[in-house]
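Which two quantities describe a pair of packed helices?

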Amino acid sequence: MKTVLMVAEKPSLAQSIAKILSNGSSSQRKGVSPSCAIHEFQGSFKGENVFFKMTSVCGHVMALNFSGAFNNWDTCDPIELFQAKTIKKESMPNLNICRHLQKEGKAIDYLVLWLDCDKEGENICFEVIDIVKPIMKNSQNIFRAKFSAITDKDIKQALNTVGKPNKDESMAVDARQELDLRVGCAFTRFQTRYFQGKYGNLDSSLISYGPCQTPTLGFCVERHDQIQTFKPEIYWRILIKTKSGMQLDWQRGRIFDKDVALAFHDRMKNEKPQSVKVESVKEKEKAKQRPQALNTVELLRVASARLGIGPQQTMQIAERLYIQ
């Protein structure tokens with residue numbers, strides 16, 4: 001019986017997919033990685049009866065960094081980082097993800113990648129491929145599952161319609177990672193050295209810079225300025241409640257002139273008879289769209305506005321949920 005190794009982006013997703021594809025009959029065992037279990041079951045793939053092994057990674061397996069002396073702030077000029085050699089190393093060595101994939105991927109017949117369906121997920125696909133491909137029986141049997149929801153229908157359809165991973169999208173992430181590393185490290189080192197010593201009250205040991213930090217900081221400062229310069233303005237509203245307790249809304253809404261509000265109030269108070277007449281009833285159906293996924297900026301805004309949670313705490317919660 002042929003063996004299929006399937007890899008998801010996080011342990012909870014691997015468990016959910018295994019439960020759906022096995023109809024709840026999968027068994028679970030521990031692997032080399034303390035975080036990533038293996039879920040095993042039998043099923044059908046490509047018209048054959050196969051043995052499935054479902055496991056996961058924990059986000060990116062590899063991380064980009066500079067090699068050797070380029071990591072030394074004292075011996076390396078920041079401008080050299082734009083031409084310095086970069087290398088990829090295991091991002092979380094304590095999780096043993098590379099060894100985990102090497103052990104579970106040895107002599108498998110098929111590799112099916114269930115990474116998130118975005119560019120980052122595509123990049124992680126090729127990180128997994130680089131580890132598993134050399135030890136597979138047939139390096140051509142690598143497939144990509146595309147899904148948009150963790151439902152029985154979506155997951156089973158994804159397995160039946162697997163395609164190939166997108167190398168171009170993965171390379172786009174590689175380029176972005178390299179730009180982030182070179183620009184971020186070079187400017188962080190430069191401005192940390194430049195500003196320290198110039199200002200006595202600068203107690204930070206590191207003044208970081210990043211391509212994503214600059215626009216994000218701009219959003220934060222803009223919102224801060226709006227809050228600081230906000231001037232409250234008094235307004236009045238006409239509120240009407242019927243004897244039955246029904247609250248009626250007035251189409252005009254807020255009135256910023258007290259005399260006008262009092263004039264309307266007095267006119268309504270003296271109106272005879274004080275009764276309400278229903279002039280028409282309209283009925284229609286409405287369809288509410290499912291909420292869109294939040295990007296980081298929108299997540300911070302919603303968490304602050306609706307939950308009263310600050311940006312730092314929001315990001316800590318989001319990171320913890322992602323890892324879990």
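This is a predicted model: local features need pLDDT of at least 70, side-chain atom pairs count only at pLDDT 80 or more; totals for chains, interfaces and linings use all residues.

Axes are lines fitted to C-alpha atoms, for helices over the stretch in contact, and the angles between their N-to-C directions run from 0 to 180 degrees. Two packed helices are described by the angle between their axes and the distance between the axes.

| Helix pair | Angle between axes | Distance between axes |
|---|---|---|
| α3 (residues 119–132) and α5 (residues 167–195) | roughly 100 degrees | within 8 Å |
| α2 (residues 97–105) and α3 | about 60 degrees | 9 Å |
| α1 (residues 11–21) and α4 (residues 152–160) | about 85 degrees | 10 Å |

**Helix contacts**

The axes of α3 and α5 come within 8 Å and cross at roughly 100 degrees. Because angles of 65 to 115 degrees count as roughly perpendicular, α3 is roughly perpendicular to α5. On the α3 side, the residues that meet α5 are Lys119, Glu120, Glu122, Asn123 and Phe126. Their counterparts in α5 are Lys167, Glu169, Ser170, Val173, Asp174, Arg176 and Gln177. By class, the residues of this contact comprise seven charged, three polar and two nonpolar.

Helix α3 also packs against α2, at an angle of about 60 degrees and with the axes 9 Å apart. This angle makes α2 oblique to α3, and the crossing of the two helices is right-handed. From α2, the contact draws on Cys98, Leu101, Gln102 and Gly105, while α3 provides Val128, Ile131 and Val132. The residues of the contact of α2 with α3 divide into five nonpolar and two polar, with no charged residue.

The pair α1 and α4 packs at an angle of about 85 degrees, with the axes 10 Å apart. That angle makes α1 roughly perpendicular to α4. Ile17, Ile20 and Leu21 of α1 make the contact with Asp152, Ile155, Lys156 and Leu159 of α4. Five nonpolar and two charged residues make up the contact of α1 with α4, and no polar residue takes part.

**Largest pocket**

The largest pocket holds about 880 Å³ of space. It is lined by 19 residues, of which Glu120, Arg176, Cys212, Thr296 and Met315 are the closest to its centre. Glu120 and Arg176 also belong to the contact between α3 and α5.

Which helix gives the most to the lining of the largest pocket? Helix α9 does, with four residues. At least two residues of the lining come from each of α3, α5, α6 (213–229), α8 (296–307) and α9 (311–323). By class, the lining of the largest pocket has nine nonpolar, six polar and four charged residues.

**Largest cavity**

The structure holds one cavity of 30 Å³ or more. The volume of the largest cavity is about 30 Å³. Its lining consists of Val57, Cys58, Gly59, His60, Val61, Glu90, Ser91, Met92 and Ile97. These lining residues divide into five nonpolar, three polar and one charged.

Key
Residues are numbered from 1 along each chain as its sequence is written. Side-chain values use heavy atoms; hydrogens and water are left out. Angles under 35 degrees count as roughly parallel, over 145 as roughly antiparallel, 65 to 115 as roughly perpendicular and the rest as oblique. Contact means heavy atoms within 4.5 Å. Ala, Val, Leu, Ile, Met, Phe, Trp, Tyr, Cys and Pro count as nonpolar, Asp, Glu, Lys and Arg as charged, and the others, Gly among them, as polar. On a 1 Å grid over the protein atoms alone, a cavity is a set of points where a 1.4 Å probe fits but cannot get out, and a pocket is an open set with protein on both sides within 12 Å along at least five of seven lines; lining residues have an atom within 4 Å of a point. Grid points are joined across faces, edges and corners, and a volume is the space filled by probe spheres set on the points. A crossing is left-handed if the near helix is turned anticlockwise from the far one by less than a right angle, and right-handed if clockwise.
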